[in-house]
Amino acid sequence: MSHTCNHGFMTKKSGSSIRFNMFQKRTSIGLNMFMALPVHIDIPEDKNNGFSVKILADYSSDKQRIVATSVSVISDGMKEVTGTVMRSLRLREYVRDGVKRVVELMEDDGGLVFSGDSIEDMAREHIDERPADREEKLLWIARVYRFSEVTNGSPTQDVAELLGISTRAATRWIAECRETGLLNKA
């Protein structure tokens, strides 16, 4: 007999719900970060003017990022789903917000840790715990940068926000991550 155990939770920012199978194969996104993909993202009606949205997101090895592979738009019964409605959906934002909390980190002993926190929250916690540990800080900066790449975000801006610095200063930290081999130019 096989069991399917779906994890699910609501995201804080959007109120969307996320479901993923905790026993499915993990996809490596680099720097000991893994994701249980695909992820089902449900956006409630109140976020979309009477339309609810269901998205299936998965990793595209060709594009080297997470993409929406299926999108359903469901009307509240009073409105027609039109091309204008479809174009107004913020799919990139929905997918990015939806997958933020399904990142797992591999520990030194090979076990995966799932915290339910976003990679930015985990990075902030580690950087704040050990502010003098430059290697640890660089690793977390590289993780935030890589996650932002994979989720079609703005990597430099995300690092700047993490550290509370300008994008110019963030660029210098990112360059140091590249110099140490944490980030490789694609």
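Of the contacts between residues at least 6 apart in sequence, 46% join residues at least 24 apart. Keep in mind that this is a predicted model. The chain has six helices and nine strands. Of its 186 residues, 41% are buried. The accessible surface is about 10400 Å², and carbon and sulfur atoms account for 48% of that.

Now the sheet. Four strands form an open sheet in the order β3-β4-β8-β9, and the pairing is antiparallel. Which strands stand at the edges? They are β3, residues 26-30, and β9, residues 112-114. Each has a single partner strand, so one side of each has no neighbour in the sheet. From one strand to the next, the twist averages 35°.

Look at β3 and β4 in particular. This antiparallel pair is joined over four bridges, and threonine 27 sits opposite methionine 35 of β4. Helix α4 packs on the sheet, where it touches β3, β4 and β8. The direction of α4 makes about 35° with that of β4.

Last, helix α3, which covers residues 119-129. Which of its residues are buried? Ile119, Glu120, Met122, Ala123 and Ile127 are. Viewed down the axis of α3, these buried residues fall within an arc of 160°, so they line one face of the helix.

Definitions and conventions
Residues are numbered from 1 along each chain as its sequence is written. This is a predicted model: local features need pLDDT of at least 70, side-chain atom pairs count only at pLDDT 80 or more; totals for chains, interfaces and linings use all residues. Side-chain values use heavy atoms; hydrogens and water are left out. Buried means under 20% relative accessible area, exposed over 50%, partly exposed in between (1.4 Å probe, protein chains only). Helices (H or I, at least four residues) and strands (E, at least two) are DSSP runs, numbered from the N terminus. The arc is that of the directions from the helix axis to the C-beta atoms. Two strands pair if DSSP finds at least two bridges between them. Axes are lines fitted to C-alpha atoms, for helices over the stretch in contact, and angles run from 0 to 180 degrees between N-to-C directions. Contact means heavy atoms within 4.5 Å. Accessible areas come from the Shrake-Rupley method with a 1.4 Å probe; for residues, only the protein chains shown count as cover.
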